[in-house]
Amino acid sequence: SQIEGERRIMNILLDGYLDRNFGDDMLMRLTAYYFPEHRFYIQTPQKELLLPFRAVENVLDYELEPPEKLDFALTVIGSGFILRRIQSLYTFMRRERQRRKLTRGIPTAVIGCSIGPFSSGIPERRLLDKLRSYDFITVREQYSADYLRQNRIACAYYPDIAFTLPDGWIPEASGEACLGISAYRREGMDNLPLYRAMSAAADAFIRRTGNRVLLFALDLGRENDLSAAYTI
């Protein structure tokens, strides 16, 4: 918003995939970084999920430092519109009711997202209903843009905002020629074949090069990638 040539300071409710996930936490940190004049409020009963933002001055705990009023609600998320199991519908609907109650009367937007996959027609219809409730949407790849437009939902297509990472946030390359593996645990699924394939790839790399393999646990919440790394 422009008021007398200056950007208006806003209180923004910030939401995303809060699960100590490195990528999704980074998207929210980037948003706060590029808009330092605004105050971003995160609402969660799990205060440990706020630890990645503890050094970000304009990201605040909604319960501990409540704003007088909210001006805007922003969701910054990657693969945030997935509903694979019909059993997940209850949780989805409960959270959606809470979101709409909290954001009633203020503009809402979601940026940087991808759409799908869906397990059946019912989850797909519920997600489309949620997407239609936003005033503004950006997606990060062509499939999602085409899908939303086919369903008569307006959106804009921009590259993943992770590509806007400031140079100062990127560490220098070590030159160690290591192999990095993202140790990913799929919640509620059989992961053992995936772990065996990853460990076989790591062993083959070590035998061929003599160099190290680094396992990255990028989600420390429900998906618990640390468990995957230990198993591999």
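Which residues on the other side of H2 are exposed? I found Tyr 90, Arg 97 and Lys 101 exposed there; exposed means over 50% relative accessible area, buried under 20%, and partly exposed in between, with a 1.4 Å probe and protein chains only.

**Basis of the entries.** I note that this is a predicted model, in which local features need pLDDT of at least 70, side-chain atom pairs count only at pLDDT 80 or more, and totals for chains, interfaces and linings use all residues. Residues are numbered from 1 along each chain as its sequence is written, and side-chain values use heavy atoms, with hydrogens and water left out.

**Helix H2.** I located H2 at residues 89–102; helices (H or I, at least four residues) and strands (E, at least two) are DSSP runs numbered from the N terminus. H2 has 14 residues and reaches 20 Å from its first C-alpha to its last, close to the 20 Å expected at 1.5 Å a residue; the expected span is 1.5 Å times one less than the number of residues. Leu 89, Phe 92, Glu 96 and Arg 99 of H2 are buried. Down the axis of H2, these buried residues fall within an arc of 90°, so they line one face of the helix; the arc is that of the directions from the helix axis to the C-beta atoms. Their cover includes strand S7 (81–83) and helix H3 (121–132), where contact means heavy atoms within 4.5 Å.

**Helix H5.** I then turned to H5, residues 192–209, which has 18 residues. H5 reaches 26 Å from its first C-alpha to its last, close to the 26 Å expected. Its buried residues are Tyr 195, Met 198, Ala 202 and Phe 205. Seen down the axis of H5, they fall within an arc of 95° and therefore line one face of the helix. Arg 196, Arg 207 and Arg 208 are exposed on the other side of H5. Among the elements covering the buried residues of H5 are strands S12 (179–182) and S13 (213–216) and helix H6 (225–231). Just after H5, I noted a positive phi of about 75° at Gly 210.

**Whole chain.** I counted six helices and 13 strands in the protein chain. Of its 232 residues, 38% count as buried. The C-alpha trace spans about 65 × 45 × 35 Å along its principal axes. Among contacts in the chain with a separation of 6 or more, 71% are between residues 24 or more positions apart.
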